[in-house]
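Look at the structure first, then read the sections below.

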Amino acid sequence: MADLRKRNLDLDSEDDKSLGNKVDLSNTIPSGTDKAPELLDATLSSLPPRWRNWVIRGIFTWIMIFGFALVIYAGPLALMLVVLAVQVKCFAEIINIGYAVYKIHGLPWFRSLSWYFLITSNYFFYGESLVDYFGVVDNRTEFLRALVKYHRFISFSLYIGGFVWFVLSLVKRYYMKQFSLFAWTHVALLIVVTQSYLIIRNIFQGLIWFIVPVSMIVCNDVMAYMFGFFFGRTPLIKLSPKKTWEGFIGGGFATVIFGLLISYFLCQYPFFVCPIEFNEELGRMTLDCEPSPLFRPQEYTVPASLAPVVRMVTGKNTVMIIPFLLHSLSMSVFSSVIGPFGGFFASGFKRAFKIKDFGDIIPGHGGIMDRFDCQYLMATFVNVYISSFIRMDSPQKLLQQIYSLKPELQLELFTALRDSLTTRGILQLPAP
């Protein structure tokens, strides 16, 4: 009896007695892969399960694609709001799994704390973007000027408030679970909030840096499923038994071709290639500019080994290529080769807790996180790629930062720049 009492005291909480070492959430977390509206379910009831799932998945894939197109048509602000909504839903799905795993119910404030940290993180990251791109607007009023000036201090203070709140909420014999969920919450924030922040940063560089990578992931996912469904024979990875080499390779080739085609199409329109900037005269965000050379055809000399072939086709040793297509090729290779590993990671996570999907909001697909597991990995790559190989500070962005300075500092900067340009012979001042 004493040994039994001691073993019970070693447990972190009363819930551990029933949980033991087994974590199976299959009956707790809803699955959406086999879920369908009643009317559609009745219509397809005569089909074999494999084909029924294929049809349901196909229908809702096209619904999501058309929805995505409508959001793009609505403009950058709508895109940002959708990214924020997706982020919140993905966070909710991950956090709900954490609650189910650790079986914490009724502990004071803990669910509120998770959402508090989400709000705090968003305040910091999205505030950074607003300060960076709309500093001129923010500095027009005293209230906003104070928020800009002390943004990081306010963000840090908010986080410290949550940290203190967490410590005060600790309950005896639930310490291990509470600290585990504290870590779970922060990992979810790292995966979801920081990645959605990078997506927003990509959008500001031009809609093409958002549309092309997202479309590539969608294309790769759809075509890998199609090739695997019809031709798949060779298993690819144990984490995802349904993934095949045929689907992986077929989806990769399809993504490269699709990426080049959609990139060429979008490069023709300033709406997609112009960075999002605040126009002070109009008082709003604009997507109007003279497209940079990155999106206009440029003449390239081909390597000597390819010169004879190119000369036979074009009659010269040069070719006209839109530079963005070469960058698009890099993104398509990443989305085809590395992108699926985001899905494999999510599959391993779900297998660890014996769940089929993160949720059931999308029939035939599962939860929002089931569809965006690869997108977040792609968003990070695109942001790093832009920072490393593409981005240059535009005059408009530099002016935003200058306008945020005090008038005397602006005048000092003007004098220093004028003197420097004059000394180097770039600027000639009129004779007095």
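## Handedness of a crossing

A crossing of two helices is called right-handed if the near helix is turned clockwise from the far one by less than a right angle, and left-handed if it is turned anticlockwise. The model described here is predicted.

## Helices H12 and H15

By the rule above, H12 and H15 cross in a right-handed way. The axes of H12 (residues 245–266) and H15 (residues 323–337) come within 9 Å and cross at roughly 155°. Angles over 145 degrees count as roughly antiparallel, so H12 is roughly antiparallel to H15.

On the H12 side, the contact includes Gly251, Gly252 and Gly259. The contact has 8 nonpolar, 9 polar and no charged residues.

## Helices H4 and H11

H4 (residues 49–74) and H11 (residues 208–231) have axes that come within 12 Å, crossing at roughly 170°. That angle makes H4 roughly antiparallel to H11. The crossing of this pair is left-handed.

Residues of H4 in the contact include Arg50, Trp51, Trp54 and Arg57, while H11 contributes, among others, Asp221, Tyr225 and Phe229. By class, the contact of H4 with H11 has 14 nonpolar, 3 polar and 3 charged residues.

## Annotated transmembrane regions

An unreviewed UniProt entry gives the feature "transmembrane region" at several spans, including residues 113–130 and 181–200. In the model, residues 113–130 are 100% helix and 0% strand, with end C-alpha atoms 25 Å apart. Residues 181–200 are also 100% helix and 0% strand, and their end C-alpha atoms lie 28 Å apart.

Note on methods:
Residues numbered from 1 in each chain as written. Predicted model: local features only at pLDDT ≥ 70, side-chain atom pairs only at ≥ 80, totals over all residues. Heavy atoms only, no water. Axes fitted to C-alpha atoms, helices over the stretch in contact; angles between N-to-C directions. Helix = DSSP H or I, 4+ residues; strand = E, 2+ residues; numbered from the N terminus. Parallel < 35°, antiparallel > 145°, perpendicular 65-115°, else oblique. Contact = heavy atoms within 4.5 Å. Nonpolar A, V, L, I, M, F, W, Y, C, P; charged D, E, K, R; others polar. UniProt positions renumbered as here; feature names shortened; annotations may be inferred.
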